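The exercises below concern one protein model. Please study the sequence and the structure, then work through each task before reading its solution.

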Amino acid sequence: MQELLRVMRTIDDRIVHELNTTIPTASFVGKVDPGQTCKELYESLMDAHTSRERIIKNCISQTSAVVKTLKEEREKAHEDVALLKQLRKEQTKLKLMQSELSVEEVVNDRSWKVLSHCTVMMFCPNRL
């Protein structure tokens, strides 16, 4: 899952590069519609953030169900060491996924700040 998230976060990791290559400089403003370009980049970010959040929450839900089942089994078989190891492994995986949700929030915030700063500079240069 972490490898999948790393690949899916590429757009956020390269947000500055994306802005520099898609938003025209002052000399090219007439050739490219910066409003449309910003809108497309915004939509790409929204799609990426929504899909990653959905995937993470789905994994959390599935792993939570596994942990619940293992806890119930553990109550019936207190002496089963293998079951205890499996429970601990799944609990660790669940905590990792929950922390990924927090990481996702930080990544999303950073991307939105960069995008909003750029759009303010493009459309409201007097505000800076």
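**Exercise 1.** Is Glu104 buried, partly exposed or exposed?

*Solution.* The model is predicted: local features need pLDDT of at least 70, side-chain atom pairs count only at pLDDT 80 or more, and totals for chains, interfaces and linings use all residues. Residues are numbered from 1 along each chain as its sequence is written, and side-chain values use heavy atoms, with hydrogens and water left out.

Step 1. Buried means under 20% relative accessible area, exposed over 50%, and partly exposed in between (1.4 Å probe, protein chains only).
Step 2. Glu104 has a relative accessible area of 3%, so Glu104 is buried.

**Exercise 2.** Determine which residue forms a salt bridge with Glu104, and where the two partners lie.

*Solution.* Step 1. A salt bridge is a side-chain nitrogen of Lys or Arg within 4 Å of a carboxyl oxygen of Asp or Glu. The whole structure holds three salt bridges.
Step 2. The partner of Glu104 is Arg52, with 2.6 Å between the closest N and O atoms.
Step 3. Helices are DSSP runs (H or I, at least four residues), numbered from the N terminus. Because Glu104 belongs to helix α5 and Arg52 to helix α4, this pair ties together parts that are 52 residues apart in sequence.
Step 4. Arg52 is buried as well, since its relative accessible area is 0%.

**Exercise 3.** Describe the salt bridges of Lys57 and of Lys93.

*Solution.* Step 1. Lys57 meets Glu53 at 2.8 Å, N to O. Both lie in helix α4, and because they are four residues apart, about one helical turn separates them.
Step 2. Lys57 is partly exposed at 43% relative accessibility, and Glu53 is partly exposed at 32%.
Step 3. Lys93 meets Glu90 at 3.5 Å, N to O. These two residues are three apart in helix α5, about one turn of the helix.
Step 4. Lys93 counts as partly exposed at 36%, whereas Glu90 is buried at 7%.

**Exercise 4.** Which residues form the aromatic pair, and how are their rings arranged?

*Solution.* Step 1. Rings of Phe, Tyr and Trp (its six-membered ring) pair if their centres lie within 6.5 Å; planes under 30 degrees apart count as stacked, over 60 as edge-to-face and the rest as tilted. The count by this rule is one aromatic pair.
Step 2. Tyr42 and Trp112 form a tilted pair, 5.2 Å centre to centre with 50 degrees between the planes.
Step 3. Tyr42 lies in helix α4 (residues 34–76) and Trp112 in helix α5, 70 residues apart.
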